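Please keep the sequence and the model at hand while reading.

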Amino acid sequence: MIRDITLGQYYPGDSWFHRLDARVKIIWTFIYIVSLFLIRDFWGYVIVLVTLALIIGISRVPLNFILKGLKPIFLIIIFTFVINMFMTKGTPLIEIGFLTITKEGLRNAFFMGTRLVLLIIGSSILTLITKPIQLTDGIEKLLSPLQKFGLPSHELAMMMTIALRFIPTLLEETDKIMKAQMARGADFESGNIMRRAKSLIPLLVPLFISAFRIAQDLAMAMEARCYRGGSHRTRMNGMRLRKRDGVAALLIILYLTLIIVQAQGILSLLMMSVIQLIQAA
Amino acid sequence: MNHIISIEDLVFEYEREEKLEPIKALDHVSIKIDKGSFTAIIGSNGSGKSTLAKNINALLLPSSGVVYVKGFDTKDETKLWEIRQTAGMVFQNPDNQLVSSIVEDDVAFGPENLGIEPTEIRRRVDASLYAVNMYEERRKAPHLLSGGQKQRIAIAGVIAMKPECIILDEPTAMLDPQGRQEVMEIIEKLHNEGITVLLITHFMEEAARAERVIIMDEGHVAFDGTPAEVFANAKKIKALGLDVPFTVEIADRLRSRGIDIPKDIISMEEMVDYIACRFK
């Protein structure tokens, strides 16, 4: 299951979105996430969906690749959906025993579920179309004004780079330890939750030890390659804002305006009147 | 003589908890490495060969004695980065020494640390990747590559810093035979281009390809000389718990049966040629 996580993976490509400056993409993602909590009705989701579809289409990331990333959080989505469906008070629609599905509940459940799905898709797209290095460089640059207040932005970015690099290595390590323990009779699959949690101890302890060993090796290798913090460093691919980043900024503003306008209900009114006009005609 | 590395009476002790005696990993070792040479250091586990390598790169500092790299004392902190740039180091585990999740960015890591111009970094990265035949894979993620490929990337990362000397600490220990072969070919190529190579290994076949072999045992230099000279002591080497190259073993057994094989035959090809000539 852990192999399915697309969050944090990069899908190589050379599209317009791939080439955008990472800073622009990070800001866009941030605004996108905020926007998900601003929208209130169906038409808001239409705007988000169209935007997402455009980004996915242009960046040519295969849809099933993105959807695969949803698998690990599928349970959470279902859970949110069910809780919202049964726990919201309002006009009852169906009653099954002591459970009541309300109209508002169904609506809430649908919106919350969709919101979660869109949240995961949106943020995984950021990492799918941005090289991890550019991503961390972008975060470093965006955070660098805070350096004055003592925020170690370079160190943070370096930590993220290394974390991203070592996700697959640690997964392999987990797999190895798991198999080794299974060969000695460890059982990770049966029993109740408590037993299963307990059975993870012989997996987690060696994993931690090996993570520390890897960290030590890596620190030594980095020192041997003259790493001494951020102050003397240059970058092979310096970040420069280009024309397309300006265009992207305009698009972000357009998107945000649409969302705000929509959240105020103006757009839905407009749409409704258009629909009414069509129906009248 | 032009020595790029000069180790004089080096002692290194690993500190332990208070009550325990420190472990002496290196005990009065003196070695001089000629510029442009290819030296193999072999020894069993705990013989001090890796400790020696880390002392050359100033990752460890001598307990007593001096290590000079290009004339700089490794204890001189102001020259630390020059020393590490001069004597680049490749480690055993290919996974634990790559920093970035993109091959070319990893190769750029060293030059970036040296504060080199971006355009120059680009040039060096491309050249280094070509040198290890990994240019095609430059945009891939390291975890998708084979062990041998990862180790070649690690070597590229070091040559991008333009070192005069490369120290390889058991670079092939975790590789399959094919990966081992790939890495050895790159090492020999670098040596032919004039880079001083210091190869720490426990594969005798690899050591036999060097110009000079040093055998370490319990922190001492046990043997030091050309492969032919060193492997002439086959029995003593085996007594240290080490093997000798397959060819040397064969030659030794043939000799004990009264077939005279010259001492300087080390490689499989030489052996085959010699036997073919003699018994035609």
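Predicted model: local features only at pLDDT ≥ 70, side-chain atom pairs only at ≥ 80, totals over all residues.

Residues are numbered from 1 along each chain as its sequence is written, and chains are lettered from A and ligands numbered from 1 in the order in which they are written. Helices (H or I, at least four residues) and strands (E, at least two) are DSSP runs, numbered from the N terminus.

**Contact between chains A and B**

- The contact takes 28 residues from chain A and 34 residues from chain B, two residues being in contact if their C-beta atoms, placed from the backbone, lie within 7 Å.
- On the side of chain A that touches chain B, helix H7 (132–143), helix H8 (153–183) and helix H10 (201–224) each supply at least two residues.
- H10(A) gives the most to this side, with 8 residues.
- By class, the residues on this side of chain A are 15 nonpolar, 5 polar and 8 charged.
- In these classes, Ala, Val, Leu, Ile, Met, Phe, Trp, Tyr, Cys and Pro count as nonpolar, Asp, Glu, Lys and Arg as charged, and the others, Gly among them, as polar.

**Helix packing in chain A**

- Helix H3 (residues 42–59) and helix H11 (residues 243–263) of chain A pack at an angle of about 165 degrees, and their axes are 9 Å apart.
- That angle makes H3(A) roughly antiparallel to H11(A).
- Axes are lines fitted to C-alpha atoms, for helices over the stretch in contact, and angles run from 0 to 180 degrees between N-to-C directions.
- Angles under 35 degrees count as roughly parallel, over 145 as roughly antiparallel, 65 to 115 as roughly perpendicular and the rest as oblique.
- The contact joins Trp43(A), Gly44(A), Ile47(A) and Thr51(A) of H3(A) to Tyr255(A), Leu258(A), Ile259(A), Gln262(A) and Ala263(A) of H11(A).
- The contact of H3(A) with H11(A) has 6 nonpolar, 3 polar and no charged residues.
- The axes of H8(A) and H10(A) come within 10 Å and cross at roughly 140 degrees.
- That makes H8(A) oblique to H10(A).
- The contact of H8(A) with H10(A) has 10 nonpolar, 4 polar and 1 charged residues.

**A hairpin in chain A**

- E1(A) and E2(A) form a hairpin with 2 residues between them, and Gly97(A) in the turn has a positive phi of about 60 degrees.
- The two strands, E1(A) and strand E2 (residues 99–102) of chain A, run antiparallel and are joined by 4 bridges; strands pair if DSSP finds at least two bridges between them.
- Ile96(A) stands opposite Leu99(A) in E2(A).
- Strand E1 (residues 92–96) of chain A is hardly covered, the count of buried residues among its 5 residues being 0.
- A residue is buried if 20 or more other C-beta atoms lie within 10 Å of its own, exposed if 12 or fewer, and partly exposed in between, with C-beta atoms placed from the backbone.

**Strands of chain B**

- In chain B, 4 strands form an open sheet in the order E2-E1-E4-E5, with antiparallel pairing.
- Strand E2 (23–34) and E5 of chain B stand at the edges with a single partner strand each, so one side of each is left without a neighbour in the sheet.
- Strand E4 (residues 64–69) of chain B is joined to E5(B) by 2 bridges, and Tyr68(B) stands opposite Asp73(B) in E5(B).
- Strand E8 (residues 196–201) of chain B has 6 of its 6 residues buried, so it is largely enclosed by the rest of the structure.
- Strand E3 (residues 38–42) of chain B runs parallel to E8(B), with 5 bridges, and Ile42(B) has Thr201(B) as its bridge partner.
- Strand E7 (residues 165–169) of chain B also runs parallel to E8(B), with 5 bridges, and Cys165(B) has Thr196(B) as its bridge partner.

**Two residues of chain B**

- Lys49(B) lies in helix H1 (residues 49–56) of chain B and counts as buried, with 24 C-beta neighbours inside 10 Å.
- Not counting residues up to four places away in sequence, Lys49(B) touches Ile41(B), Gly43(B), Ile200(B) and Met216(B).
- Glu77(B) is in the loop between strand E5 (72–73) and helix H2 (80–86) of chain B and is exposed, with 11 other C-beta atoms within 10 Å.
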